[in-house]
Amino acid sequence: MIPEAQKQQMAEAVARIRETMAEAARRAGRDPAEVKLCAACKTRTVEEVRYSADLPIDLFGENHVQELVEKTDAGAYNGKPGHFIGHLQTNKVNKVVGRAALIQSVDSVRLLDKIEAAAARLGLTQEILLEINIGAEESKSGVGPENLWPLLDEAAARQHLKVRGLMAIPPADADDDQTRRFFAQMRELLAAAAGRGYENAQMDILSMGMSHDYAMAIAEGATIVRVGTAIYGARDYSKK
C-alpha cells in the first residue's frame with residue numbers, strides 16, 4: 001500500500017510539473033499539448049507506477065529491461081505507453097521489441113540489426129529514436145552529432161523500423177547556458193534530419209529534458225520530457 005501522504009505528494013508534484021510545462025511552452029510560442037510528460041520510473045514499484053498512471057502523465061520510461069517487463073506484464077501503466085529510455089544491450093532486445101511503444105536509446109548499427117530482426121519475427125514495426133551523445137561524454141552512450149547521418153541512413157533503410165526522432169541527455173555538470181545550447185543543437189539536428197525526407201522516418205519527436213532542466217528543453221523544442229525525481233521523489237537504490 002502507498003501511504004496517503006505519498007499519493008498526495010505525487011499528485012501535487014505532477015500538477016506543478018504540468019503547470020511549468022504549459023508555461024514554458026506558451027513562453028516559447030508553442031501549444032502545451034505538443035509536449036508529453038514521460039514519467040521516468042526506474043526503481044519505482046508496480047504500485048507506485050500504477051497509482052501515478054491515474055495522474056496526468058502521458059507515458060512511462062524504463063531504464064531497465066526487467067522493470068519494463070515486470071510493469072508491462074502487471075498492467076502498471078494503465079494502458080498508457082511504455083518507452084525504453086535506458087542503454088539497451090543487444091542480448092535483451094527480444095524482451096523490449098513489441099513491448100516498448102518506443103525505444104528511445106538506439107545508438108549503433110548492431111542494435112538496429114537486432115531490433116530489426118526481432119520486429120521482423122514478430123511481424124511488427126518498432127518505433128525508435130536515435131540517441132545523440134550531445135556533450136561528447138565518454139561515459140555516455142549515443143552517437144556524436146557528426147555520426148548521426150550514417151546511422152540514420154541505416155535505420156531508415158530497415159523495413160521493420162520507423163525512426164521517429166532523436167533523444168539526448170546533456171552533461172550533468174553543464175551550466176544553464178551550456179545546457180540551453182545543447183538543447184538548441186538537438187532542435188537543429190532534428191530539423192536537419194527531417195529535411196532529408198526519408199520515407200521511413202517521421203522525425204517529429206525530440207526527447208530531452210529531465211527533472212532539473214525540462215522547462216529549458218521545452219523552450220528549445222522538446223516534445224517529450226523525461227521526469228522522475230520531481231514526480232516520485234529521490235530514488236532509494238537500496239531497493240534494487
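**Stop 1: helix H3**

Select residues 65-73, helix H3. Val65, Glu67, Leu68, Val69 and Lys71 are buried there (under 20% relative accessible area, with a 1.4 Å probe and protein chains only). Helices are DSSP runs of H or I with at least four residues, strands are E runs of at least two, and both are numbered from the N terminus. The model is predicted, so local features need pLDDT of at least 70, side-chain atom pairs count only at pLDDT 80 or more, and totals for chains, interfaces and linings use all residues. Residues are numbered from 1 along each chain as its sequence is written, and side-chain values use heavy atoms, without hydrogens and water.

Now show the cover. The buried residues of H3 are covered by elements including helix H2 (46-52), strand S2 (59-62), strand S3 (82-84) and helix H4 (93-96); contact means heavy atoms within 4.5 Å.

**Stop 2: the ring pair**

The whole structure holds 1 aromatic pair (Phe, Tyr or Trp ring centres within 6.5 Å, using the six-membered ring of Trp). Select Phe60 and Tyr77. Their ring centres are 5.2 Å apart and their planes at 10°, so the pair is stacked (planes under 30 degrees apart). Phe60 sits in strand S2 and Tyr77 in the loop between H3 and S3, so the pair ties together parts 17 residues apart in sequence. Both Phe60 and Tyr77 are buried.

**Stop 3: the largest pocket**

Select Lys42, Asn63, Ile85, Ile169 and Met210. Among the 20 lining residues of the largest pocket, these lie nearest its centre. A pocket is an open set of points on a 1 Å grid over the protein atoms alone, where a 1.4 Å probe fits, with protein on both sides within 12 Å along at least five of seven lines; lining residues have an atom within 4 Å of a point.

Methods:
Buried means under 20% relative accessible area, exposed over 50%, partly exposed in between (1.4 Å probe, protein chains only). Rings of Phe, Tyr and Trp (its six-membered ring) pair if their centres lie within 6.5 Å; planes under 30 degrees apart count as stacked, over 60 as edge-to-face and the rest as tilted.
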